[in-house]
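The report below follows a strand pairing into the nonpolar core and then turns to the surroundings of the ligand. Please read it alongside the sequence and the coordinates.

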Amino acid sequence: MSTSYKVILIGETEVGKSSCFVRFRDGKFVENLVGTIGLDECTTEISFQSEDKKSLNSANIQLWDTAGLEKSGRLTNNHYLNSRGVILMYDVTEYSSFSCLSMWCEEAERYTNSNAPNVRKPIFFLVGNKIDCTQTEIEISEELSQAFAKKRNIPAENVFRMSVKTSKGFSDMFSAVAKCLSANMKPTVQHNKEPFAKALQDKGACSC
Ligand SMILES: Nc1nc2c(ncn2[C@@H]2O[C@H](COP(=O)(O)OP(=O)(O)OP(=O)(O)O)[C@@H](O)[C@H]2O)c(=O)[nH]1
Ligand SMILES: [Mg+2]
């Protein structure tokens, strides 16, 4: 029996949530993913450096992808239930995917806002994807995303930019998520499955 931290991916369609899920699970980027209906989840052991940088710690992250449910408006409390981390994902080349983040934030807050005692709200992470695109294609600057995070009380260190395609920033983001959750939250998910072997030892890691 092991424990893990449930982390959910949310954001507009086409921002790269499923691609992120597949890289997390399989360590590679798969173009033209065929959408599946239902919720998909997978657990991976993520390593991170201790605060004093002298040792390597790890935590199991159980990542949940929406697998298209958000399109039909059926993304409800089952997705959010017991989540310890919420990854708010947008596409740095699509202003519309950024401008609707407030709606996603509010929905996540509504569904995770439990009145039960001892239940903590999840920690939010803001992640801009597709930084492999050209500078002229990129519409959302780091300053803009930091300003949004500040407005939403998301700490600056929980704001990331990455490319699921090239893997730039990908492992760093998940290491930071694992480190932050293990320092601040109690794992709640218990399961009998072995975590996937280190998917983040990037098979196709980018050298840039
Ligand atoms: N250039 C680039 N394209 C990406 C990246 N990540 C994902 N994509 C592409 O973006 C498109 C959408 O990716 P998905 O992973 O299906 O996005 P999604 O958020 O799961 O979309 P829905 O399931 O419709 O909500 C696909 O064509 C991907 O190949 C990235 O880092 N860079
Ligand atoms: Mg998807």
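In this predicted model, strand S2, which covers residues 40-49, and strand S3, which covers residues 56-65, pair in the antiparallel sense over 10 bridges. Within this pairing, Glu45 has Asn60 of S3 as its bridge partner. The two strands form a hairpin with six residues between them, and Lys53, which belongs to the turn, has a positive phi of about 60°.

Strand S3 also holds Ile61. Ile61 counts as buried because 27 other C-beta atoms lie within 10 Å, where the cut-off for a buried residue is 20 or more. Although Ile61 and Ser4 are 57 residues apart along the chain, their C-alpha atoms are separated by 5.4 Å. Once its neighbours within four places in sequence are left aside, Ile61 is in contact with Ser4, Tyr5 and Val7, with Thr43, Thr44 and Ile46, and with Phe174, Val177 and Ala178.

Ile61 is also a member of the largest nonpolar core, a set of 49 residues in which Leu9, Ile61, Ile87, Leu88, Phe125 and Leu126 touch the most other members. The most to this core is given by helix H6, residues 170-184, with six residues. For Leu88, with neighbours within four places in sequence again left aside, the contacts are Ile10, Gly11, Leu101, Trp104, Cys105, Phe124, Phe125, Leu126 and Val127.

Which residues come nearest to ligand 1? Of the 19 residues around ligand 1, these are Gly16, Lys17, Ser18, Ser19 and Lys165. Helix H1, residues 17-26, supplies the largest share of this shell, namely three residues. The make-up of the shell by class is set out in the table.

| Class | Residues in the shell around ligand 1 |
|---|---|
| Nonpolar | four residues |
| Polar | eight residues |

Helix H1 is itself mostly covered, with eight of its 10 residues buried. The buried residues of H1 are Lys17, Ser18 and Ser19, together with Cys20, Phe21, Val22, Arg23 and Phe24. After H1 comes Gly27, whose phi is positive, near 75°.

Methods: Residues numbered from 1 in each chain as written. Chains lettered and ligands numbered in written order. Predicted model: local features only at pLDDT ≥ 70, side-chain atom pairs only at ≥ 80, totals over all residues. Near = placed C-beta within 6 Å. Helix = DSSP H or I, 4+ residues; strand = E, 2+ residues; numbered from the N terminus. Nonpolar A, V, L, I, M, F, W, Y, C, P; charged D, E, K, R; others polar. Buried ≥ 20, exposed ≤ 12 C-beta atoms within 10 Å, placed from the backbone. Core = buried A, V, L, I, M, F, W, Y, C linked by C-beta atoms within 7 Å. Contact = placed C-beta atoms within 7 Å. Pairing = 2+ DSSP bridges.
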